[in-house]
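Let's take a walk through this protein chain together.

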Amino acid sequence: MEPSSSRPRDHDRPGPRHRLHGDGEELQQLLSCDDSQDSDAEDSPLLRGPRRLSLENAETDDEQRIVPAEGLALPDVERQRHASHKSKTRSKTSCWPASLKYPKSVFFIIGNEFCERFSYYGMRTILSLFMIKALKLNEENATIIYHMFVMFCYFFPVFGALLADSYLGKFKTIAYLSIVYAAGNFVVATASATDIGLPSREMTYIGLLLIAIGTGGIKPCVSAFGGDQFVLPQQARQLASFFSVFYFAINAGSLISTWLTPELRTISCMGQTTCFPLAFGVPAILMLLSLVIFVIGRPGYKVFKPQGNVLVDVSKCVWNALTNKMKSADMKSHWLEHADERFSEKLRSDIRGMLRVLLLFVPLPIFWALYDQQGSRWTFQANNMNGRIGSWTIKPDQMQVVNPLLILLFLPLFETVVYPALNRAHLLTRPLQKMGTGGVLAAAAFVISALVELQLQAHYPVPLEAGLAQVRVYNSLPCDLQLAYANETFPVRRLEAWTRTDVPAPQGNASVVLGLSGSCLASAEQLALNLEEDKSVSFQLYSIDPVSQKVVSVQSRRVEDILEKDASPRVRVMYHFSDSSEHSVKFSMHGELMSNSNNISGTGDYALVPALEPAESYTITVDGKEVATNQLLDVGGVYTILVDNSDAVVLADVNPNVIHLMWLLPQYIVMSVAEVMFSVTGLEFAFTQAPVSMKSVLTSAWLLTVAFGNLIVVLITEIRFFSSQASEFFLFAGLMLVVMVLFIWLAVRYTYVESQSTDEARGAQPAAEQTDAAATKTDKS
């Protein structure tokens, strides 16, 4: 999820000259109203609270407009300025049209958003495991690439908003960047077919950059474009219902894809036990469908010309004030007072108010640094745990669906139960108090994950490392062997393996000479093995000599190992048959055939077994002969079935996961509570405490804190302070606590803006914005 996994944080700002929406006759009726006709608007339910409107900034009567909400590019519903002490005898309905048709074009926007969120979260859910399983990156490099991708996804919205507001308009920005977005998805899907000879890593990086440009660029535009289709205040209630459906579409798309794409990747296809091309291909098709749906709705859209962006005005004012201050020796009450007179006093005052709130954004990047590791480090952690529940297995990347589900549960629970109870107890009554508690809980979540990691480390396989190679030697000869290596001798029984995980390979390659002796060998032999740095390879020893004679020549078959853990057991059959007949190895459970390796024959070869369901009651047969019963093939295990004619044995190259996946629930629960108290409250605090005109700047700053948070993860991962992942989790928890001490110090010194009533505070964040802000709570989408 994104600040949470699946909800709209996409805000953008309209220009200062948007005109009032509606048909000509309705507009004439609306704009012809005199003061006496709308003098009762102050008390009208239509304009009360979040449904207020404003006709500010209109230069002439025929240019009056609804002031769009600064920051979200949504139709503003500020309170209309009315002359005071007017008669309230005239009915409002005589001025405002009674009703307007619901804009059916918004359903194209909703369909577009469903497909786009399905595409984004479906792709992102499996991205981390794809990089370590298919691209063969280690966890550190996969973490760096993942968080760089997320960083760019939250960096480009600033440029998307500028592009939409100043140059192309929202429709063209969404359409053009969706093409870039879809192209990136198809590039990644093509790159995921790693066995067709394409440069998969390079193509993946290019595809991810295109996706980041696309999703980031349209982020501030889609919800705002939907809001543009409504006439306010007449359609305020319809607008709120639109955002409810819009919010539901986002949740539905993200939740379905987060659960579905891990299932698709575990399907066997293209001769592999996984199918990343299918898992990435489905989101790519959905993104293309998203574009088609959006363009089809073009004839029914209300499309406005770009009108400029307040972020540009703020940047100019701040830059001008700073440069003037450096040139001037005058002392003024605030450095913004050095700005030229062309920048109004209201703009400078609003910037000052905004800066007070931005100061409290200090802890946000660290919070996102912790939060976004649900898609990287916590997913890798889940990959080393056992998700089997009876006959059903939860995939490690499917754990990412827990956070958005919990957020959907916790949001109403906290609003209706938890916060009222705390208020009655006079606890956490202020937003900043809730944020401080949420930050401490985020740190606690990482302490829990570190404790879980300490338990997992005892069961981890020896990792592949730079400068070292790993080797496994399987004995399919008809006798036990004595194997000599590095001045040591190791016994290797028949149909067993010798493993070495620390063979030096300083130059990238290593040649290892093994001495072999045994009762079935005519004489002692030496076997030269070629190894590679940062790789594990296996050699099967066998003989083509007649069984009745001593082995004159030992043969070896080189096989590159696949040792990555997954939700399904990895199984291969290494076989040696003396005859030329075809043979079969079958896997059955409770009498039902689960997999069948047919047509295997010859000497010294191997076959990969299609994905099997994890279970502890497999029966394995070779040509109808049972060689193993009640055999455990479990989550995370990597197994070799070593077959020599009619004899066979099951060997575990990597032991299966033993700690259950549900032990991750505590850290997910605590992090979700932290998100509700820290992220959700923080967004609401910012939007109610800052000036209305600064909402777009706050939105940009909010998104940029997500980007900087992911940059922090990249830097810490690159520096690699600790070799233990548990220690790194403790480091992040400590950073969060340190930052929260600073935040609490700032919060104690902060003076709340109390001049607005509750209704006015909400009015500063009108119905459309409130819905969109609620969506932002649960989505860094």
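A nonpolar core, as the term is used here, is a set of buried Ala, Val, Leu, Ile, Met, Phe, Trp, Tyr and Cys residues joined through side-chain atoms within 4.5 Å. Keep in mind as we go that what you're looking at is a predicted model.

With that in hand, start with the big picture. The chain has 781 residues, and 57% of them are buried. If you take the contacts between residues at least 6 apart in sequence, 76% join residues at least 24 apart.

Now for the cores. The largest one holds 139 residues, and those with the most contacts inside it are Met 131, Phe 149, Phe 367, Leu 432 and Met 671. Helix 16, running over residues 665–689, gives the most to this core: 13 residues. There is also a second, separate core of 27 residues, with Val 473, Cys 479, Val 492 and Val 503 among them.

Let's zoom in on Phe 149. Setting aside its neighbours within four places in sequence, Phe 149 is in contact with Tyr 120, Met 123, Leu 127, Leu 208, Ile 211 and Ala 212. Phe 149 is also one of the buried residues of helix 3, and others there include Ala 142, Ile 145, Tyr 146, Val 150 and Cys 153. What covers the buried residues of this helix? Helix 2 (106–133), helix 4 (157–168), helix 6 (200–218), helix 13 (377–383) and helix 17 (695–719) are included in that cover.

At its N-terminal end, helix 3 is capped by Asn 138, which has a side-chain oxygen 3.2 Å from the backbone nitrogen of Glu 140.

Four strands make up an open sheet in the order 6-3-9-10, with mixed pairing. Strand 6 (497–504) and strand 10 (555–560) are the edges, each pairing on one side only. From one strand to the next, the twist averages 20°. Inside the sheet, strand 3 (residues 468–475) and strand 9 (residues 536–542) run parallel and are joined by six bridges. To find your place there, look for Tyr 474, which stands opposite Gln 540 in strand 9.

Methods:
Residues numbered from 1 in each chain as written. Predicted model: local features only at pLDDT ≥ 70, side-chain atom pairs only at ≥ 80, totals over all residues. Heavy atoms only, no water. Pairing = 2+ DSSP bridges. Helix = DSSP H or I, 4+ residues; strand = E, 2+ residues; numbered from the N terminus. Axes fitted to C-alpha atoms, helices over the stretch in contact; angles between N-to-C directions. Buried < 20%, exposed > 50% of the residue type's maximum accessible area, 1.4 Å probe, protein only. Contact = heavy atoms within 4.5 Å. Polar contact = N/O pair within 3.5 Å; in protein donor to acceptor, adjacent residues only side chain to side chain.
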